[in-house]
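Subject: Handover of a structure and its findings

Dear colleague,

Please find below the structure that I am handing over to you. I would be grateful if you could read the notes with it open beside you.

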Amino acid sequence: MDTSLISLQTVELVSLLTGQRLRKEDITPPVLFLAGLVTVLLGVIHADGTVDAEEIQHLRTTLTELIPANNSLRQLAMLMVKGVREHKIYKKLPELLALTACFSEEERLLLISFGYQMSAADGTMHDREKQYLTLIADRLGVDARYLTVLEASFSSQSIRDTATLAEVHSLLAPARFQSLDSMFVRAASHISQHLPAKPKQQKNRKHSVSSYQELKKFQKYRLELNAVCKTLSSTLENGSDRNVLSPNLTEEVTKISQRLQSQCFRVAVVGEFSKGKSTLLNALLGEEIQPVRDIPCSGTVTVLKYGPQQRVICKYKNGREEEISPQQYKEKASISEEAALGSFGDEIVNSEIKEIIFEHPNLELCRNGVEIIDSPGLNEQAERTLVTQQVLKTTDAVIFLTHAQNALTEKERELLLYLKKELNQGKDGEAGKSIFVLVNFADLLRREESRKQVRQRVETIVKSQNLIAGENRIHLISAQSALEAILDGTENEYVKSFQDFTKSLEQFLTVERGAIALQQSAAGMKQIINTGCAELTQKRKMLEGKLTVSPGDKAKIFELMAEASGRDVKIRLLANELRYQSLEEALESWHEWVEELGERLLSKSHRWTSEHGHIMSQDKLTKDYADQFVRDITEEIDDWGNQKVQSILKQNMGVLDSKIGEDIYAIRQQFKQFDQQLSTSLVAQFNNLATAGSLGGIGSSGSGIASSINPNIGSDESLGVGLGLGALVGAGLLFFTGLGFIGVILGGLAAGAGGGLGLSFLDGDAVKDQIKQKVVELGFEKFGESAESIFEKVQERIIAVFDDRADANSDAMSKAIALWENLLEQQEKRDRDRAECEAEKAWVADKRRELEQVQNQIETILNQSSR
């Protein structure tokens, strides 16, 4: 619906019908459609000169089904019925044309469809009713072939023209109306259910979207590298058993092997509701697995992955797991339409499900090491947004869906900015390199010129706002058309465009993610090999008598080991002291921030906007303001966390890091002194252990001791960018997502206005200001109820920062002590078993050759994978 075509005549006409003084902003698509619908239905009722009770009841039933309870449009529709009757608008064709001037082809067909259903309400389609419908359909430009289908459908006649029936089904598909209000989706669903079934085509064998050859190659190299990793582990374990090689080396290579074994690509599909997420997932997988409704609703995180047999595992927040049936899966993976549209926040709040794992043996994409994450829709529902935020932390690529008929709305651009920030760990300046924008429902764009314009619009937006970067990141698709062709085993332009997208995704995963992962794992293995070779060289020197620890040096080593242990204890005590100080400073800052928060939020409310009017859509207007309140308070606490808390952490962590840096430097100097004196390689071994611990794969959780000897120690990078506190506030404000909150606000205004909030109350701007003020008051009150629990989360994160740093230091000290112990054990063994020195030398030479062979195998795999 092109609302830019709404004329002054249309505004005056709707004002006449409702008895209200309306502005153009009040004439929304639902209002216009209802005006046209009431006019057509009353025209059919009066066309034959008689008004039957069945027809009046059908009119009421139709309006009740289309308009949700407690929606102000119900009252408006009753006013329209009265106005259309009083002014006999159904007899005035110019007025009907004015009401429908901005309707699209499918919206006009939908309108006429309800007319035919009304004509059949009393059991008979009278000739005068059909003549009336034919006349207005002709003036509206509705194809006469479609009228034949509609007449046959509602009079239970057979339809021979199955091709036209298929066209009507396509034009009235609920998916076509998802960019409009949900009322249109309900209306299209209602009519579609009364049409004869869509004729089925002869199915060919289902075909795959892609063979995913590049993903298969990556998996081949990953398995080969892991096999080499296991060989390396065996060599290191053998050396550790003989007290020659450090046990830490075996531990580090085991971590790399574990990462290689579990390594997979995680692709998240995100976006607002009603953009075709579930259909896209089904097209990617080549199976109708995800539940699809007229309003697709994903209520929880669903992970689709490969498994030897089909099964569904439901994981709950309390740690419990259970296997459920596919039917239970479809029920648990969805939420109701009302909850999806923001009516019932409790349905999401009360969900005890953490995530659902769907395993399947025949999903081609998943068989090649890809996990698909169906995340909850990002429609300002705080809990769903918080869940999706957690998902993004482990995601390799994000697929963002938008609707071709209204691509990248202002809200969606805000969501893309949010995604970019999360994926870039809080850095605003960089574009999102792992985001793919899919413009779905491209089949609704009939002209090639329209498709070019949509693509150009999307490209302009993402470029001007620096949202995404990389080649082939924007694709126009029709997930539904592609899925149907895939399942039918046929080819069409939408399968081709979908294949172009999957190739781009595969290229990104294998080249910009997979190749880096292999290189990092290989780099970690090489560092371990270098350390092993250094330790073997040290062992050889020990056996040849070129390296001997004197009694004095031995006593010094024991002192240094005790000193390292003491350093660890002191750092722990200092970390605890600085942690307590940081918590005290954060608490003081929190109280100051909260004290001024209310005034700042009220000031920001003056900038809130909404496309909805105060007369027709009070509930939606209030919902928009509530969403903007949550956004503002989220930004407020994020700013506080990223500025005040980060400043506190930077100062106190700087003290801790400075002391850790001094200790690490002292240990390295001690190692350096022994290296110079005894020709050992303790510094190299220490550094290699640190580096190996920090490598091994993207998203590695084990930092080893790299953070302790990080040259950026004390910098913003070492603290982590952004605490992500805003989502904690959002999760505490779920009250704002439902009708309960809106009812409280509107009810409060009604009391203040003398008990009546009729359709024509007060000045529009004054009403909006009152709603804004009430939103801020109730919102701030709700925030106050959860403020204590929110700050507890802040405390937990501050504590975690200091504990992580202290743990990293302990790891560094333990590795240093292990190197001293290994040196002493090697000499003790030499002195004890001098007769076996020659055999031991041969063993050392063999182990060194084994490590060199592993090194060569790693290089061969890397060379093959880079071709």
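This is a predicted model: local features need pLDDT of at least 70, side-chain atom pairs count only at pLDDT 80 or more; totals for chains, interfaces and linings use all residues.

Residues are numbered from 1 along each chain as its sequence is written, and side-chain values use heavy atoms, with hydrogens and water left out.

The protein as a whole

The protein has 30 helices and nine strands; these are DSSP runs numbered from the N terminus, with helices being H or I of at least four residues and strands being E of at least two. Of its 867 residues, 55% are buried. Here buried means under 20% relative accessible area, exposed means over 50%, and partly exposed lies in between, with a 1.4 Å probe and protein chains only. The protein exposes about 37300 Å², and carbon and sulfur atoms supply 47% of that area; accessible areas come from the Shrake-Rupley method with a 1.4 Å probe, and for residues only the protein chains shown count as cover. Among contacts between residues at least 6 apart in sequence, 81% join residues at least 24 apart, a contact being heavy atoms within 4.5 Å.

Helix α21 (residues 479-488) is largely enclosed by the rest of the structure, because seven of its 10 residues are buried. Those buried residues are Ala479, Ser481, Ala482, Leu483, Ala485, Ile486 and Asp488. Their cover includes α13 (277-285), β8 (435-440) and α22 (493-543). After α21 comes Gly489, which has a positive phi, near 75°.

Helix α30 (residues 837-865) has 29 residues and reaches 42 Å from its first C-alpha to its last, close to the 42 Å expected at 1.5 Å a residue. The expected span is 1.5 Å times one less than the number of residues. Among the buried residues of α30 are Cys837, Trp843, Leu851 and Leu862, together with the charged residues Glu840 and Lys847.

Salt bridges

A search of the whole structure finds 43 salt bridges, each being a side-chain nitrogen of Lys or Arg within 4 Å of a carboxyl oxygen of Asp or Glu.

One of them joins the side chains of Glu167 and Arg145 (3.3 Å, N to O). This pair links distant parts of the chain, with Glu167 in helix α9 (residues 162-171) and Arg145 in helix α8 (residues 144-154), 22 residues apart. Glu167 is partly exposed, with a relative accessible area of 31%, and Arg145 is partly exposed at 35%.

Another is formed by Arg266 and Glu371, whose closest N and O atoms are 2.8 Å apart. This pair too links distant parts of the chain: Arg266 is in strand β1 (residues 265-270) and Glu371 in strand β6 (residues 370-374), 105 residues apart. Arg266 is partly exposed at 22% relative accessible area, whereas Glu371, at 12%, counts as buried.

The side chains of Glu544 and Lys546 also meet in a salt bridge (3.4 Å, N to O). Glu544 counts as partly exposed at 33% relative accessibility, and Lys546 is exposed at 59%.

Asp568 is in helix α23 (residues 551-605). Asp568 is buried yet has no salt bridge, and the nearest side chain of opposite charge, Arg572, is 4.3 Å away. Lys and Arg count as positive and Asp and Glu as negative, while His and the chain ends are not counted. Apart from residues up to four places away in sequence, Asp568 touches Asn809, Ser810 and Met813.

Glu585 is found in helix α23 as well and is partly exposed, with a relative accessible area of 26%. Leaving aside neighbours within four places in sequence, Glu585 is in contact with Ile648 and Asn652. The side chains of Glu585 and Asn652 make a polar contact (3.5 Å). A polar contact is a pair of N or O atoms within 3.5 Å; within protein, one must be able to donate a hydrogen and the other to accept it, and residues adjacent in sequence count only if both atoms are side-chain atoms.

Asp143 lies in the loop between α7 (127-140) and α8. The side chain of Asp143 reaches the backbone nitrogen of Arg145 at 2.9 Å.

With kind regards
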